[in-house]
Amino acid sequence: MTVSANKVLGPSSFARMKKKEQKITMITAYDYPGAKSVSQTGVEIILVGDSLGNVILGYDGTIGVTMDDMVVHSAAVRRGAPYKYVITDMPYMSYHISMEETKRNAARLVLEGKANAVKLEGGSQSRIDAIREIVDIEIPVCGHLGLTPQSVLRFGGYKVQGKGESAAEILEREALAVQEAGAFMLVLEAIPEELAKKVTRMLDIPTIGIGAGRYCDGQVLVYHDMLGHSNMKPKFVKQYANLDEIIVQGISDFDREVKDGTFPSEEYIYYPTGE
Ligand code: KIV
């Protein structure tokens, strides 16, 4: 589907979509060509995720991704998708030390990274304060609860969160606090479907699920996972294409044709006229 380039959406459009029970689609992107592809679809939101660490930089997680990484990739995404709503992740340790640094970093993602909004993980009091302060400097914030990858060291691995009554109650309380602090959207990652359904019904702001079942107001997947171009295959990922296969085939064909002299054939050479 090709979408009209000048229909720019924003937080109030997403709130309206929730009210009308219209599903919201979000996908990650990290570079110009990826964003350009997404810009030709009906997907409403691009998330410049710090999953950049996993799928672009080859780290084994998101820890280690820097503000400079996020700024460079966010700006590249904006160049590829000038009219999409872009949310950029605040990386680990960019909102953990002081409020001044937190606000400066959020502002960098908007001013240099050209993001429309920022996302940060967690629901502890200091994260809620960070959301409130960033919203107060006029930057829209998307929250993120459940399996928050920046907490992997504390979680002891990538494990489903919100299991059991007390964990579910904590997550519900945190979701309300995220909303109350002024976030316009909440990502719910790797939690039981029933819990995501309850949180979605409880909140006025839209929830976007990843491994959170069918009842969220929208869904997000990581570009490289859903297109078969990463090493990750969690249970919640549906693979819609196999880019790895296509790319390896193309490179192998090039290699073979160089070696057997088929490439470059006449159509790929210049004549003395310059043509
Ligand atoms: O970094 C990321 O890609 C994310 C999504 C998994 C929601 O935060």
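The structure is a predicted model, and the distances, areas and volumes below were computed from its atoms.

**The ligand and its shell**

- The residues around the ligand are T28, L47, G49, D50, S51, D89, K119, H144, V187, E189, I210 and V222, and by class this shell is made up of four nonpolar, four polar and four charged residues.
- Two residues that follow one another in the numbering, D50 and S51, both belong to this shell: an N or O atom in the side chain of D50 is 3.1 Å from an oxygen atom of the ligand, while for the side chain of S51 the corresponding distance to a ligand oxygen atom is 2.5 Å.
- K119 also takes part, with a polar side-chain atom that lies 2.8 Å from an oxygen atom of the ligand.
- On its own the ligand has 260 Å² of accessible area, and the protein covers 96% of that area.

**The largest pocket**

- Divided by class, the lining of the largest pocket has 16 nonpolar, eight polar and ten charged residues.
- Among the elements that contribute to this lining are the helix α3 (52–55) and the strand β6 (185–189), each of which supplies at least two residues.

**Two backbone features**

- F263 and P264 are joined by a cis peptide bond, with omega at about 0 degrees, and P264 is located in the segment after the helix α11 (243–260).
- E21, which is found in the loop between the helix α1 (11–19) and the strand β1 (24–28), has a phi near 60 degrees, a positive value in a residue that is not glycine.

Conventions
Residues are numbered from 1 along each chain as its sequence is written. This is a predicted model: local features need pLDDT of at least 70, side-chain atom pairs count only at pLDDT 80 or more; totals for chains, interfaces and linings use all residues. Side-chain values use heavy atoms; hydrogens and water are left out. A residue is near a molecule or strand if one of its heavy atoms lies within 4 Å of it. A polar contact is a pair of N or O atoms within 3.5 Å; within protein, one must be able to donate a hydrogen and the other to accept it, and residues adjacent in sequence count only if both atoms are side-chain atoms. Accessible areas come from the Shrake-Rupley method with a 1.4 Å probe; for residues, only the protein chains shown count as cover. Ala, Val, Leu, Ile, Met, Phe, Trp, Tyr, Cys and Pro count as nonpolar, Asp, Glu, Lys and Arg as charged, and the others, Gly among them, as polar. Helices (H or I, at least four residues) and strands (E, at least two) are DSSP runs, numbered from the N terminus.
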